[in-house]
Amino acid sequence: MAFYDGIVLWCVHTILTLKTLLFTWLFRTWKPVETQYRKVAYSRCCNDSKLLQKIPIHLGLVIAENQISYVDIANLVVWCMAVGISYISVYDTRGILKKSHSSLSSEIEKKRDDVLGHEKEKFTYQLHHSLATSKTDQITESKKKSHILLLSAQDGRPDIVQAAKGYCQQVYEQLTKSNAVDVGLIDSLLQATSGFPDPDLLIRFGTTSSLLGYLPWQIRLTEILSIPTHWSIDYKSFMNVLHNYAGTQQRFGK
């Protein structure tokens, strides 16, 4: 009996896996080519942003897919800049984007030309691709300056472990009391997102029902929405997520 149960479970798992792969392939392949490569003007982004009741200060992007499209991520980043989002974090568990941050930066520059056009000089950005740049570079408030933080699995749970060790060291050296721990203290000890506010909105790309270790401490109040894939992502899909976020009411446990 157990043998037949195993066969049934294997068949169900195989069918669901094939369904997921087929859905992802269709989503990538059947999207019209003109939509994929259509330029989005800054004026459109500006007008659309005025229709939003609220705009996230920090938008997180979780790439839960094996293959990464630098062009599409660059599109998302520049659209964020154009609608007025100041902080953008992009997470892939293997740290591929961190290792090839120069390639992503090149694509962002190209997309700035395409989307922002003559307005691009009014927009600046800073790419933080390591703990060193995130920690040592001073993050100043600027109306049209965006900060882009590249994250990997090492910036999630391991960062919390290091924060705990730092707190214990402070207690050992009698710099703080053992019962003085609070949210503000933990925030000050976390290094991966130093200078960044907690994410207001998180978009997960992929069919995996998991955030794969994205900043577990910082997302306690984050709105989480999903899109099947970031490949060939279009502006309309991006704005739909922002409209969904703008229509939510956070009750903070009440």
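Tutor: Quick one first: the structure, which is a predicted model, holds zero disulfides. Take C45: the nearest cysteine sulfur belongs to C46 and sits 8.6 Å away, while a disulfide would need the two sulfurs within 2.5 Å. C45 has a relative accessible area of 0%, so it counts as buried.

Now the rings. There are six aromatic pairs in the structure. One of them is W79 with Y235, an edge-to-face pair with 5.6 Å between the centres and 75° between the planes. That pair ties together distant parts of the chain: W79 is in helix α4 (residues 70-83) and Y235 is in helix α10 (residues 235-246), 156 residues apart. Both W79 and Y235 are buried.

Y235 also pairs with F238, this time tilted, at 6.5 Å centre to centre and 40° between the planes. These two sit three residues apart in helix α10, so about one helical turn separates them.

Another ring to look at is Y245: K54 lies over its face, 4.6 Å from the ring centre.

Last stop, F123. You'll find F123 in the loop between α6 (101-116) and β3 (124-128). Its relative accessibility is 3%, so F123 counts as buried. Beyond its neighbours within four places in sequence, F123 is in contact with Y42, M81, A82, R112, L116 and K144. F123 and K145 are 22 residues apart in sequence, yet their C-alpha atoms are 5.8 Å apart in space.

Note on methods. Residues numbered from 1 in each chain as written. Predicted model: local features only at pLDDT ≥ 70, side-chain atom pairs only at ≥ 80, totals over all residues. Heavy atoms only, no water. Helix = DSSP H or I, 4+ residues; strand = E, 2+ residues; numbered from the N terminus. Buried < 20%, exposed > 50% of the residue type's maximum accessible area, 1.4 Å probe, protein only. Contact = heavy atoms within 4.5 Å. Phe/Tyr/Trp six-rings, centres within 6.5 Å; stacked < 30°, edge-to-face > 60°. Lys NZ or Arg CZ within 6 Å of the ring centre and 35° of its normal.
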